[in-house]
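I opened this entry to look up charge, overall dimensions and cores, in that order.

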Amino acid sequence: MSDTQSQIENRPPSVATLFLERIESTPDGEAYRYPVPSAAGTGPEEWRSYSWAQAAERVFAIAAGLLDLGVEAEQRVAIASNTRVDWILCDLGILCAGAATTTVYPSTNVEETAYILADSDSRVLIAEDATQLAKARECRAELPELRHVIVIDPAGETLTDASDPQGWVLTLDELIQRGKAYLEQHPEAVKERVAALRPDQLATLIYTSGTTGKPKGVRLAHDNWSYMAKSIAEQGLVEKEDVQYLWLPLAHVFGKVLTAGQIEVGHVTAVDGRVDKIIENLPVVQPTYMAAVPRIFEKVYNGVAAKARAGGGAKYKIFQWASEVAREYGRVTQDNYRRTGTASAPTGLKLKHAVADKLVYSKLREAFGGRLRACVSGSAALAPDIGYFFSGAGIHILEGYGLTESSAASFCNPGEGYRTGTVGKPLPGCEVRIAEDGEILLRGPGIMQGYHGLPEKTAEVLESDGWFHTGDIGELSDDGYLRITDRKKDMFKTSGGKYVAPAEVEGRFKAVCPYVSSILVHGADRNYCTALIALDEAAIMGWAGDHGLGGKSYADVVTSPEVRELIGGYVEKLNAGLQRWQTIKQFRILPRDLDIEHGELTPSLKLKRPVVEREFGHLLEEMYAGTREQ
C-alpha cells in the first residue's frame, strides 16, 4: 500500500480532530486573514490575522457557548451568513461541539429559509446581521424547535424585540463570553466532545439549491470532510506556503471543502466574500491560488477585452492578436506536455508570446496579484477557449469536478499536466465508471450518506453497493482524464432526432462573444435550435458609448438594431464551428441580465433552465412561431 493510500485510509474521524492536530503542530502559524474598516473609517481597509492558536481560542469558546445553550451531539446549528472569517470559526465551533452545521445562503428568501430550518430541525441559527435575524423572526411561529439566534454583526442595530422569547437573541460576542465562562467550569468539555466524534456522525447538511422543486438536504458525515482534507493534501496542488484567497459562498460545498483542505495543509487563507471587492483585494492579498466559478473568469476576460476596446482601435487589435497567441500557446504547450512531458513551443510562437506577454499578459497577472500559481475552477463548465486564453497568459486554471453529494472534490486537474476542457483525474480514493448511457458514476469516501429524510430520493441516485449516479454525461480518456459533456437532464433531442448538448454550444458562444453574460440554448422536440442571450451591462454599455448610443439606458441599448446586428455577427461566428443541427437559427436578446434575485441563477451562478424558459417563454414561442423576421 502506498503512503498516500495509507494516509487516506487511516484518516482521523473528523476535521475537528485535524483542527486540534493543526493547533498543536503550528500554534503560532498564520491561519486566517480578514478585512476590517480603517481606524478612521476612511481610506483602504486593513487586513488582520488570526494565528491557529488565536483561531482555536474563538472556536473553543463558540463550541463551549453552544454546549452551554444545551446543544447536543448531531443536533443542527444553522449558519446564514456571507463568506467571512466568522463563518469558518462558527462552523468549526459547531463541529467541535459535536453538532452539525446547516448551511443557508444569505440570499435565501424567508419562505425557503423557514423550510430549510424546519426540515433540518435546526436548534440554533447563527445569523450574520439584522437582515438575517429579521427572516428568523418572520417565520418563528413555524420553527418551534429554534431556541436561539446568534447574531455575528449587530452593527448598531437594536436586536431586542418585545415579542422575542427571553434569551432568544444573543450576539456572537455574548455567546463567546458564555463559552469562556463554561470552559472555566469544564476546561476539557470541548476536547471531550471532539474525542467522542465518530466518522459516521452527521457533520453538515447542505441544501442543494436545485433547479426545480424544494431543496434537498445532503447529509455529509465527519468522515466525508476528513477524507476530503487528506485527499486534497495528498493530491499535492496546495502547499504549506500558499496564500489562498477565499471568496466563494461557504454555504456551497465548493467553498466549504476549501476550508477542510486548508486545515490539513496549514496554509494561510484570506477570507472576504464580497464579490465586488475581488478586483480590489487581489493586488493586496497577492494570493498564490484561488478557486472560482467560470462566470468570474468570463467576467475578467470580457472586462479586459472591453478595456482594450475603450483604449482605441490599435489597442484592441493588439489585444485580439495577443488573445489568439495565448490560445495557440496554451494548446501547443499542453499538447506537447501530454506527448513529451515538457510544456514546449516552437521558436516562432515563443517569440510572439514574449512580445504579447510584455504588452498584455503581464498586466493581467498583476491584476491577480502577481503571485498566482493556479486557479481551480468548478461548479460548471469553463469554455475551453477562455481556458486556453488564460493558460497562454500564464494564469493556469485547473478545472475540477464534484457535486454536493460527493463533498465537492471528486476530480481535479494535476498541476503541470492539466488539460483544458477536462476536469482532470479522480482524487485519491475516488472510483469512477461510465454507465452505458454515458452517465458518470462515482464511489468512495466522499459520497454522501443520503438526502435528509428522503429515503426514496436517496435510492434513486445511490445504489446499495455505493455507486452514486451523478446525472452528468462524460467520457474518460485512456489515461484517466474526465471530460464532462453535459447534464443528463439538460441534453435534448430535436424533432429531427439529433441530440444536442446545450452547455457545449453555450460555452463556445461565451468564448467568441465578449459581451455575453448568460445564454440558454433551446430546442427540445423542435425542428431547430434557438437561444436566449443576456448581455453583460458593463461590457455592452462601454461598446454603446463608442458607437453612438451613449446616454441611452441598458434596456434601450439591448433592444437597438445596432446591438442586434453586433450579437448576430457573433452568432454567425458560433454557427460556423457547429454541426448543422446544433446551429442557432434564431435568437433573442433579453431585456435584462439573469440573476439570483429573480431565481434564474443558483447562488453558485448556475443557470436554472426551467425558470428561464418559463420567464421568457413568450420569446421562445415567438422564435418558433416566426412572428418576427430575424
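**Charge, dimensions, cores**

I began with charge: the chain carries 68 positive and 85 negative side chains, and the centres of the two sets lie 5 Å apart. Here Lys and Arg count as positive and Asp and Glu as negative, leaving out His and the chain ends, with each charge placed at NZ of Lys, CZ of Arg, CG of Asp or CD of Glu.

I note that this is a predicted model, in which local features need pLDDT of at least 70 and side-chain atom pairs count only at pLDDT 80 or more, while totals for chains, interfaces and linings use all residues. Residues are numbered from 1 along each chain as its sequence is written, and side-chain values use heavy atoms, without hydrogens and water.

For secondary structure I found 22 helices and 26 strands, taken as DSSP runs (H or I, at least four residues; E, at least two) numbered from the N terminus. The radius of gyration is 25 Å, close to the 25 Å from the globule rule for 630 residues, so the chain is as compact as a globular protein of that length; the radius is taken over C-alpha atoms, and the rule is 2.2 Å times the number of residues to the power 0.38.

I then turned to the interior, where 56% of the 630 residues count as buried (under 20% relative accessible area, 1.4 Å probe, protein chains only). The largest nonpolar core has 136 residues, a core being buried Ala, Val, Leu, Ile, Met, Phe, Trp, Tyr and Cys residues joined through side-chain atoms within 4.5 Å. Helix α3 (residues 52–68) gives the most to this core, with eleven residues.

Definitions and conventions: Buried means under 20% relative accessible area, exposed over 50%, partly exposed in between (1.4 Å probe, protein chains only).
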